[in-house]
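Trainee: I would like to go through the labels used for this model and ask what stands behind each.
Mentor: Go ahead.

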Amino acid sequence: MTEPSYLHRISHKRIDPPALTGQATLSQVIEEAFLSYNAGRLREACRLFASKMLADDTTVGLSLSGALTPAGLGASCLVPLLEAGFVDWVVSTGANLYHDTHFALGMDMHQSRPGLNDLELREHQVIRIYDIVFDYENLLGTDRFYRALCRGAEFQKTLGTAEFHFLVGKYVNELETQRRPSGRREPAESAGAQPAHAGRSGGVSLLAAAYRCGVPVFTSSPGDSSIGMNLAALQLEGSKLQIDPLRDVNQSAAVVYDAKKAGQSAVLILGGGSPKNFMLQTEPQIQEVLGLEESGHDYFLQITDARPDTGGLSGATPQEAMTWGKVDPERLPDTVTCYLDSTVALPLLTVYALANRKPRRPRRLMDRLAKLTQELAEEYAARREKEPR
């Protein structure tokens, strides 16, 4: 048998794509035309996510940074991913969850264009996020919603952010249920169009979907958003609601530790920043701080527009993360970094996954979060007992 040449050993396949037609599916376009540069990395990302990260024994964490929910990506992508069982736990900026709530409350967000006169927008009480515009009343109304809700008796205690968002999600889900008859429009089914995902609720809110699916949603910086700002105002009123970020550290570590006992752990990182760090620090928390045996996440998939050479975490590579114990060094081939805007990559990744992978049964980690954290505490206590006194 002839030994393959070095060129053939390092190549994936010869570049010889068929001509695209109007009948090509999105999966075909990604497989046949996304061949090189960041299109090639996106193809690798789609394959990694659908073929390996969504294995039945793999727990998938998703981190969200950047203004994704204001752009409608909560309703179009994140809700379907959760409902398909493709995301098991989430770390998000508080801003994404705050703006997510606008949709559940029936508040309008509008497409516009960049380059508007911001002084005129200010005079007309219009808020801008690049090319998204909305009425200032959206902020005031959402503030009122959170203050009224969190004055309730159920909230008068200390909560981790996952526990807090699960409780909020219960009420946001009720709002969606009330609005559903006149709420979300399903896409029109043209000739040859695929039917909507069978398990889809018609909901628009990530928080509501997380509640229905039992998905923990953490916020790495709970005071750094309008939700946290409103909780701070309630504290001035004498509210007993306290957010415990240290509880989040242990609960998120417990999720990953349990995942590695039963199978594998995967992270899907959209953007970077604090949510990326919080999701990845679960492994150093287990290994370095708690002293428990572990080797790092098994799959690392990041969509980012940040460069690695500036030293910021948002652009840090999986190879660098491996040196911290965040990524299993034996699994580096199962890592992909795609340098692309998340608003472009996420819809493509979502459709590819839904088209190529059957829905998974939701893990409902929220239902077991207290138990998993207690088990982590017991293993840490047992490890400490073995230390010389």
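Trainee: What is the strand order of the open sheet, and how do the strands pair?
Mentor: In this predicted model, the order is β3-β5-β4, with antiparallel pairing.

Trainee: Why do β3 and β4 stand at the edges?
Mentor: β3 (110-111) and β4 (126-129) each have a single partner strand, so one side of each has no neighbour in the sheet.

Trainee: How do you know that β4 and β5 pair?
Mentor: Pairing takes at least two bridges. Four bridges join β4 to β5 (residues 132-135), so the two strands count as paired. Within β5, Phe-134 is the bridge partner of Ile-127.

Trainee: Which helix packs on the sheet?
Mentor: Helix α7 (residues 136-150) does, touching β4 and β5, and its direction makes about 60° with that of β5.

Trainee: What makes α8 roughly perpendicular to α11?
Mentor: The axes of α8 (residues 161-179) and α11 (residues 245-262) cross at roughly 90° and come within 8 Å. The range for the term is 65 to 115 degrees, so α8 is roughly perpendicular to α11.

Trainee: Which residues make that contact?
Mentor: Thr-161, Ala-162 and Glu-163 of α8, with Arg-247, Asp-248 and Gln-251 of α11. They divide into one nonpolar, two polar and three charged.

Methods:
Residues numbered from 1 in each chain as written. Predicted model: local features only at pLDDT ≥ 70, side-chain atom pairs only at ≥ 80, totals over all residues. Heavy atoms only, no water. Contact = heavy atoms within 4.5 Å. Axes fitted to C-alpha atoms, helices over the stretch in contact; angles between N-to-C directions. Parallel < 35°, antiparallel > 145°, perpendicular 65-115°, else oblique. Nonpolar A, V, L, I, M, F, W, Y, C, P; charged D, E, K, R; others polar.
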